[in-house]
Amino acid sequence: MDLLANIYSIVVGTILPFIIVLTIVVFVHEMGHYLVGRWCGIRIVTFSIGFGKELAGFTDRNGTRWKLSAIPLGGYVKFFGDENAASFPDEDKIAEMSPSEQSQTFQGASLGRRAATVAAGPIANSVRAVLIFTALYAYFGKPVLDPVVASVQPASAAAEAGLEPGDRILEVDGKTIGSFDDLRIYVSTRPGVELRLIVERDGRNREFMLVPKRAEVDNGFGDKIEVGQIGVVASANEDTFRYEKMGPLEALAEGVGQSYFIISQTVQYFKNIIIGRARPDQI
């Protein structure tokens, strides 16, 4: 019974949510390719969520086969003239086409239209992220835990630099810190990198230089990942934690800003891998 319970827990608690989220991400990504490809005059033969054997599907009036396939680990858009799902061109088939048909293939489109079609996938995912953040901020408000230090861990980078409880962190490397989460994300991708902090203490701004120490933390999936930590702890109470209500435009601006911030930190992480500051097995 314990074994069955564990299997059920893994399936319902991990595998199923993963498949649902991945399916949404894949659908939005491939829809970007599909919409822009159609707009650029490229004929779409297949729009598939998943790979392998078709489980269900239909063909629309434009001749596109929409289908759900057996292996839910991705998806693809197959263009007219492609040999397979990887968009490898069928050169022999294309050579036998009329000029009109060739113009409807991916290979027959202009460089600008091909580039737009390829870029549309990741752009669609970025837009999706912005819309999700915008909807959450507009409906619930933005959760903000003020970057106020409640305690400083002994022998930490913050303790060595001289930070104290009650300090409010205003900036890191010239970037405004609006919440403790902003600070955590920025620091986590910069272990071993010297940071310049502007801190408000007793009504005056002070400058501190410190280097985040490397620490291993649980990523929530049972694995250990290496992050940068400065050793400050926040306290969520009625004075430091709140939800900031936002109008639609404010929520949209915040959604764009949050998406940009996450993308920039991701780029920073890959930069750290290239220059040797982060281990590639942390991806």
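# Sheet, pockets and a salt bridge

Q: What order do the strands of the open sheet have?
A: The order is β6-β5-β7-β8, an open sheet of 4 strands with antiparallel pairing. Strands pair if DSSP finds at least two bridges between them; strands (E, at least two residues) and helices (H or I, at least four) are DSSP runs, numbered from the N terminus.

Q: Which strands stand at the edges?
A: β6 and β8 (204–210), each with a single partner strand, so one side of each has no neighbour in the sheet.

Q: What packs on the sheet?
A: α6 does, touching β5 (168–172), β6 and β7, and its direction makes about 45° with that of β5. Contact means heavy atoms within 4.5 Å; axes are lines fitted to C-alpha atoms, for helices over the stretch in contact, with angles from 0 to 180 degrees between N-to-C directions.

Q: Is this predicted or experimental, and what are the conventions?
A: The model is predicted: local features need pLDDT of at least 70 and side-chain atom pairs 80 or more, while totals for chains, interfaces and linings use all residues. Residues are numbered from 1 along each chain as its sequence is written, and side-chain values use heavy atoms, leaving out hydrogens and water.

Q: How many bridges join β7 to β8?
A: 7, with β7 (residues 195–201) running antiparallel to β8. Leu195 has Leu210 as its bridge partner, and Arg196 has Met209. In the hairpin, 2 residues lie between the strands, and Asp202 takes a positive phi near 55°.

Q: Pockets next. What volume does the largest pocket have?
A: About 760 Å³. A pocket is an open set of points on a 1 Å grid over the protein atoms alone where a 1.4 Å probe fits, with protein on both sides within 12 Å along at least five of seven lines; lining residues have an atom within 4 Å of a point. Points are joined across faces, edges and corners, and the volume is the space filled by probe spheres set on them.

Q: Which residues lie nearest its centre?
A: Arg184, Ile185, Ser188, Thr189 and Val227, out of 31 lining residues.

Q: And the second largest pocket, what lines it?
A: 16 residues, with Thr176, Asp182, Gly257, Tyr260 and Phe261 nearest the centre. α7 gives the largest share, 9 residues. The volume of this second largest pocket is about 240 Å³.

Q: How many salt bridges are there?
A: 10 in the whole structure, counting a side-chain nitrogen of Lys or Arg within 4 Å of a carboxyl oxygen of Asp or Glu. One is Glu254 with Lys142, closest N and O atoms 2.6 Å apart. Glu254 is in helix α7 and Lys142 in strand β3 (residues 142–145), 112 residues apart.
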